[in-house]
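Hi there,

Here is the structure I promised to pass on. Have a look at it first, and then read my notes on what turned up in it.

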Amino acid sequence: VLPKLTFPWYALYFPATNSYIEVLNFSLSDTHSIEIWLNLPPALLPTSWLQILAVRNTTDRAPGIWTVAGAPQRLHWRYDPGNVGFFNVGPGGEGTDFALNTWYHIVGVKSRGTLYFYVNSKFIASTSVTSPMAVGSFLRLGMTTYYSRNMYIAMVRIYNNKALNSS
């Protein structure tokens with residue numbers, strides 16, 4: 001199922017668990033930033049791990065972003081098969097939920113061995129991650145070997161070799 005273009009901001013709506021967009025020949029350096037606008041409606045499969053974004057090769061964690069099984073308004077942001085990164089982060093840090101049907105500006109900044117997490121331009125938390133990280137070969141928004149999170153996503157920006165600052 002292809003994502004649908006919707007308002008506001010011409011966001012992509014991923015309506016089903018098998019929705020995805022793929023960019024081939026894609027890789028990230030050990031220093032990069034991922035910026036997205038994300039809106040989470042009620043999850044179709046709230047007890048499952050649901051993929052939002054993945055840079056893939058032999059792993060879906062280079063990096064990988066999911067919503068958490070049993071806590072579908074929290075993000076699971078990982079950088080290797082050993083699951084290094086945030087386990088269930090939200091707008092108030094680990095263990096907090098994003099409100100349903102609300103737009104959030106989410107930025108992850110990886111600077112070598114540290115991942116910094118921002119929501120709506122506010123620094124939320126940092127954690128240690130793998131450095132150097134696994135090298136991906138393609139980017140997917142939505143389904144990988146995991147079902148896609150039904151979601152609205154807009155203005156996805158990925159800055160390779162650049163760590164954005166808080167300003």
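Let me begin with a polar contact: the side chains of Glu-35 and His-105 are joined at 2.7 Å. By polar contact I mean a pair of N or O atoms within 3.5 Å; within protein, one must be able to donate a hydrogen and the other to accept it, and residues adjacent in sequence count only if both atoms are side-chain atoms. A second one, of 3.3 Å, runs from the side chain of Glu-35 to that of Tyr-159.

Before going further, please note that this is a predicted model, where local features need pLDDT of at least 70 and side-chain atom pairs count only at pLDDT 80 or more, while totals for chains, interfaces and linings use all residues. Residues are numbered from 1 along each chain as its sequence is written, and side-chain values use heavy atoms, with hydrogens and water left out.

Back to Glu-35, which sits in strand E4 (residues 31-39). Helices (H or I, at least four residues) and strands (E, at least two) are DSSP runs, numbered from the N terminus. Is Glu-35 buried or exposed? Its relative accessibility is 9%, so Glu-35 counts as buried; the cut-offs are under 20% relative accessible area for buried, over 50% for exposed and partly exposed in between (1.4 Å probe, protein chains only). Glu-35 also forms a salt bridge with Arg-157, with 3.7 Å between the closest N and O atoms. This pair links distant parts of the chain, as Glu-35 is in strand E4 and Arg-157 in strand E14, 122 residues apart. Arg-157 is partly exposed, at 36% relative accessibility.

Now the other salt bridges. The rule asks for a side-chain nitrogen of Lys or Arg within 4 Å of a carboxyl oxygen of Asp or Glu, and by it the count comes to four. One of them joins Glu-22 to Arg-140, with the closest N and O atoms 2.8 Å apart. Glu-22 lies in strand E3 and Arg-140 in strand E13, so this pair ties together parts that are 118 residues apart in sequence. Glu-22 is partly exposed at 33%, whereas Arg-140 is buried at 13%. Another salt bridge is that of Lys-110 with Asp-30, at 2.5 Å between the closest N and O atoms. Here Lys-110 belongs to strand E10 (residues 103-111) and Asp-30 to the loop between E3 and E4, so the pair ties together parts that are 80 residues apart in sequence. Lys-110 is buried, with 0% relative accessibility.

On the overall fold, the chain has zero helices and 14 strands. An open sheet of seven strands runs in the order E3-E13-E5-E6-E7-E8-E9, with antiparallel pairing. Its edge strands are E3 (20-24) and E9 (93-94), each of which pairs on one side only. Two strands pair if DSSP finds at least two bridges between them; E3 and E13 (residues 138-142) have five, in the antiparallel sense. Within that pairing, Ile-21 has Leu-141 in E13 as its bridge partner.

Of the 167 residues in the chain, 51% are buried. The largest nonpolar core has 29 residues, and those with the most contacts inside it include Leu-38, Trp-77 and Phe-117. A nonpolar core is a set of buried Ala, Val, Leu, Ile, Met, Phe, Trp, Tyr and Cys residues joined through side-chain atoms within 4.5 Å. Beyond four places in sequence, Trp-77 touches residues including Ile-34, Pro-63, Val-84, Ile-106 and Phe-117, where contact means heavy atoms within 4.5 Å.

Phe-117 turns up again beside Phe-123: leaving aside neighbours within four places, Phe-123 is in contact with Tyr-116, Phe-117 and Tyr-118. Phe-123 is in strand E12 (residues 122-128) and is partly exposed, at 42%.

Finally, two backbone points for you to look at. Most residues other than glycine have a negative phi. Asn-25 is not a glycine, yet has a positive phi of about 55°; Asn-25 is in the loop between E3 and E4 and is exposed at 78%. Met-155, also not a glycine, has a positive phi of about 45°, and is found in strand E14 (residues 151-160), partly exposed at 32%.

Best wishes
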